[in-house]
Amino acid sequence: NSLMIERRKIYNFLNQQKSLFGNELFSLSTNQVNPDLLSHVQNSLDGLNQYSKSISLCQECSLGAKRNNFVFGVGDSNAELMLIGEAPRKEEDMEGEPFVGRAGKLLNKILAAINKNRLEGVYLANILKCRPPDNRDPLSLEVDKCEPYLLKQIEMIKPKLIMALGKVSAKILLKKEIPIDKMRSTVYDYYGTPLRVTYHPDTLLRNPDFKKFAWEDFQWARDYLAR
């Protein structure tokens with residue numbers, strides 16, 4: 001599992017480089033590449049990887065002893081859009097990556113519809129880094145231990161916009177007990193970063209009628225990021 005995760009990180013980095021410098025990345029002479037930009041991208045990725053390793057053995061709550069993988073996050077280390085769920089599901093715990101399986105495929109399609117993907121311009125994470133038993137909601141003690149890790153990720157990535165995916169994630173991040181349909185269409189502030197709320201991909205799979213609302217939210221995000 002650890003080898004697979006490292007390979008995926010390398011793949012993500014190379015795709016980031018390709019998006020910046022094109023297919024001829026490794027044949028470019030030094031005077032064709034902005035060394036400051038290349039250094040910034042490399043340092044951002046290295047910083048996230050080092051931070052992930054520094055906390056990956058966390059045992060601050062009981063979930064650490066039960067996990068298969070510490071699910072740190074995946075995506076562009078310089079992302080302008082950060083998507084945050086509440087906690088890893090079974091597939092995420094097994095693969096070590098957030099938003100995989102059927103929900104992940106649906107999310108990939110939504111991102112493609114706004115001309116983005118999980119490797120370029122987007123970073124995916126959860127509030128908790130370990131899976132709660134039976135996919136139950138995070139406990140307050142678990143959130144207290146794990147939310148600082150998320151805040152550090154946000155500080156390092158510096159996204160232009162956060163989207164909280166699902167009512168549980170939104171409730172935890174915003175400290176508000178409001179139905180998700182009441183939280184949508186409002187821009188909140190999460191420690192200095194604008195935050196919007198939309199439905200979790202799992203909810204969209206169970207309730208396809210909600211897809212039109214999620215699409216409205218992601219269209220808004222696309223337009224907001226284009227400003």
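The sulfur of cysteine 61 lies 6.2 Å from the closest cysteine sulfur, that of cysteine 130, which is too far for a bond. A disulfide here is a pair of cysteine sulfur atoms within 2.5 Å, and the count by this rule is zero. This is a predicted model, in which local features need pLDDT of at least 70 and side-chain atom pairs count only at pLDDT 80 or more, while totals for chains, interfaces and linings use all residues. Residues are numbered from 1 along each chain as its sequence is written, and side-chain values use heavy atoms, with hydrogens and water left out.

**Cysteines**
- A disulfide is a covalent bond between the sulfur atoms of two cysteines.
- For cysteine 130, the closest cysteine sulfur is in cysteine 146, and at 6.2 Å the two are too far apart for a bond.
- Cysteine 130 is buried, because its relative accessibility is 8% (buried means under 20% relative accessible area, exposed over 50% and partly exposed in between, with a 1.4 Å probe and protein chains only).

**Overall make-up**
- The chain has nine helices and six strands; these are DSSP runs numbered from the N terminus, with helices (H or I) of at least four residues and strands (E) of at least two.
- Of its 227 residues, 51% count as buried.
- Among contacts in the chain with a separation of 6 or more, 73% join residues 24 or more positions apart, where contact means heavy atoms within 4.5 Å.

**Nonpolar core**
- The largest nonpolar core holds 57 residues, of which Met82, Leu83, Leu150, Leu195, Val197 and Phe218 touch the most other members.
- Helix H5 (residues 140–157) gives the most to this core, six residues.
- A nonpolar core is a set of buried Ala, Val, Leu, Ile, Met, Phe, Trp, Tyr and Cys residues joined through side-chain atoms within 4.5 Å.
- Beyond its neighbours within four places in sequence, leucine 83 is in contact with residues including Phe99, Leu107, Val122, Met163 and Phe218.

**Proline 98**
- Proline 98 sits in the loop between helix H3 (90–95) and helix H4 (101–113), and is buried at 1% relative accessibility.
- Proline 88 is 10 residues from proline 98 in sequence, and their C-alpha atoms are 6.3 Å apart.
- Outside the four places on either side in sequence, the contacts of proline 98 include Val71, Glu92, Arg118 and Asn126.

**Second largest pocket**
- The second largest pocket has a volume of about 230 Å³.
- A pocket is an open set of points on a 1 Å grid over the protein atoms alone where a 1.4 Å probe fits, with protein on both sides within 12 Å along at least five of seven lines; lining residues have an atom within 4 Å of a point.
- Volume is the space filled by probe spheres set on the points, which are joined across faces, edges and corners.
- Among the residues lining this pocket are Glu86, Arg89, Lys167, Tyr199, Asp202 and Phe210.
- Helix H8 (201–206) and helix H6 (167–174) each supply at least two lining residues, and H8 has the largest share, with three.

**Positive phi angles**
- Most residues other than glycine have a negative phi.
- Lysine 175 has a phi near 55°; this residue is in the loop between H6 and helix H7 (180–183) and is exposed at 57%.
- Tyrosine 191 has a phi of about 50°; this residue is in the loop between strand E5 (188–190) and strand E6 (193–198) and is exposed at 62%.
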